[in-house]
Amino acid sequence: MNKLGWAVVATVASAVLFFFGTGLDPVPELAWLAPLPVLLLAPRIPGAAALGSAFTAYLAGSTGSWSYFWHSLAVPRPAAIAILGGSALLFALTVGLFRLLVRRGNRVLAAFAAPALWTVVLYGVSLLNPTGLMDTLMTTQADRPSVLRLAAVTGGWGVEFLVLFVPAAVAAALAPGVRGFARLSGLVAVAAALGALVFLSTPARTGPSARIALVAPGQSRWAVDVATPDGQALVRSYVDRIGRLPDGVQAVVLPEAAFAVDQTSRPRLVEAFTEVARTRNLDVVTGVLDTTPEGRFNAALAVPPTGPPVEYHKWHNGGSPNIASGTQLAHLAGIGLMVCMDVNFADPSGEYGKAGTGLVLIPASDEDVDGWAHSRTALIRGVENGFSVAWSAARGTPMLADAEGHVPADAHTGGSPFTVVVADVPIGQGRTPYARFGDWFAWLCGLVALTGIVVGVRTNALSSVTTKTGQL
């Protein structure tokens, strides 16, 4: 088979693996394999062809997400096009850097610099994008605690790097010109690292736990006004469902913006939930759209059996008009509160981790198909910062997860008036190395990527000069 034939085969193979290994419902193991065919191909064909193959493979592999992005309520279509096209371009540049370094004999640096470039660019996007970041390579491993535990030290960026590093290291070991012993030692090192991840699996946490319930409606309704008859009927339906929860539940979490309240109607909602909270001896947490003299907030309202309610104002609203953003953490008896899109960003999760918070309750609302991916974004934040997560999502995947990434219970909404998830959730310890030191690994990736670019460009320039001198 000629080079064109191999290029087609490699492109198709990577595209198929990306399609099944990434996206909104990935097969985790395939994500590690998806880049490999294109990385193996890249040093063996011209640069333009390698870039084209990588771009095409990634873009074609993302077709499973095209419909979601095109119809998403949270992502404008221009942004959707930028995400899809930009991701494919970034993968092409990553493969291009790998090819450049391998062909110049810097195979070890190639294995590190290529995934480092991918990781640091995504880190930059996470800082600049008003809707944050979710559904990347780290998300594909969200149901693999043995891999995800790395995030407690490096943040999710370490997982993002690792998933691309493994195929890059294999491709570097199998690159043209690598001698037998070097090739074998490289493959053995990669196999040993992967074997350690499988063998040293993370056990589920033991110790103090809390029984948490999630109650999400089968039919999503956004911000129903408590002052209306419809709103009162919805309050009663939630109160009735909470009253029928199993014994021993210590907190119940409802979805984001389940109700709309203002200064007049808020006391009516608090009174209704206080009564059921006192009767069942549990905390009730619900999402509310709260109109106050200070502004309108997308909030999590926590109503305890006794004492005043606690309200947390969502930090990140994705540029939603007429919605003010909060800046403060909120705790109810040591338990933290967040709302939905907040998990797409490093903070406030990082602030909760620094505070030693062991459990965070999160009202949320998704778009059905992205429910798993968004719930696992919340899970990753919990592993990074050492807290367990209670994620109650309308049109999504209500989920309970511990601080090591184990999921004792989850479900998808729909098919019944309410989806109810109940489980005992171990309390995390907070204050992980990542919570203390932040995005140090992402910055390290930036340094490694820059080193790779400088070495690659400089080596290429010296080679050109040498060639011209020889011709003279």
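Q: How are helix 7 and helix 11 oriented relative to each other in this predicted model?
A: In this predicted model, helix 7 and helix 11 pack with their axes 8 Å apart and at an angle of about 150°. Angles over 145 degrees count as roughly antiparallel. The two helices, helix 7 and helix 11, are therefore roughly antiparallel.

Q: What is the handedness of the crossing of helix 7 and helix 11, and how many residues of their contact are nonpolar?
A: Helix 7 passes helix 11 in a right-handed crossing. Helix 7 brings residues including Arg107, Phe112, Trp118 and Tyr123 to the contact, and helix 11 brings residues including Trp157, Glu160, Phe161 and Leu164. By class, two residues of this contact are charged, two are polar and 15 are nonpolar.

Q: Which residues of helix 11 make the contact with helix 6?
A: Helix 6 (residues 77–103) and helix 11 (residues 156–173) pack at an angle of about 35°, with axes 12 Å apart, and their crossing is right-handed. On the side of helix 6, the contact is made by Phe91, Thr94 and Phe98. Its residues divide by class into six nonpolar, one polar and no charged. From helix 11, the residues in this contact are Leu164, Ala168, Ala171 and Ala172.

Q: Are helix 5 and helix 6 roughly parallel or roughly antiparallel?
A: The axes of helix 5 (residues 63–71) and helix 6 come within 8 Å and cross at roughly 155°. The cut-off for the antiparallel class is an angle over 145 degrees. Helix 5 and helix 6 are therefore roughly antiparallel.

Q: Which residues of helix 5 meet helix 6?
A: The contact of helix 5 with helix 6 holds seven nonpolar residues, one polar and one charged. Helix 6 takes part through Arg77, Ala80, Ile81, Ile83 and Leu84. Facing them in helix 5 are Trp66, Phe69, Trp70 and His71.

Q: Which helix supplies the largest share of the lining of the second largest pocket?
A: The second largest pocket holds about 260 Å³ of space. Of its 22 lining residues, the closest to the centre are Ser126, Asn344, Phe345, Ala346 and Arg381. Helix 7 (107–128), helix 8 (137–140), helix 11 and helix 16 (371–385) each supply at least two lining residues. The largest share, four residues, comes from helix 16.

Q: How much space lies in the largest cavity?
A: The count of cavities of 30 Å³ or more comes to one. Among the 13 residues lining the largest cavity, the closest to its centre are Pro217, Arg221, Tyr238, Ala258 and Ala394. By class, its lining has eight nonpolar, three polar and two charged residues. The space in the largest cavity is about 60 Å³.

Q: Is the peptide bond from Asp347 to Pro348 cis or trans?
A: Most peptide bonds are trans. Pro348 lies in the loop between strand 9 (335–337) and helix 15 (349–354). With omega near 20°, the bond from Asp347 to Pro348 is cis.

Q: What is the value of phi of Ala223?
A: Most residues other than glycine have a negative phi. Ala223 lies in the loop between strand 1 (209–217) and strand 2 (224–225). This residue, Ala223, is other than glycine and has a positive phi, near 50°.

Methods:
Residues numbered from 1 in each chain as written. Predicted model: local features only at pLDDT ≥ 70, side-chain atom pairs only at ≥ 80, totals over all residues. Heavy atoms only, no water. Axes fitted to C-alpha atoms, helices over the stretch in contact; angles between N-to-C directions. Left-handed = near helix turned anticlockwise from the far one by under 90°. Contact = heavy atoms within 4.5 Å. Nonpolar A, V, L, I, M, F, W, Y, C, P; charged D, E, K, R; others polar. 1 Å grid on protein atoms, 1.4 Å probe; cavity = no way out; pocket = protein on both sides within 12 Å on 5 of 7 lines; lining within 4 Å. Points joined across faces, edges and corners; volume = space filled by probe spheres on them. Parallel < 35°, antiparallel > 145°, perpendicular 65-115°, else oblique.
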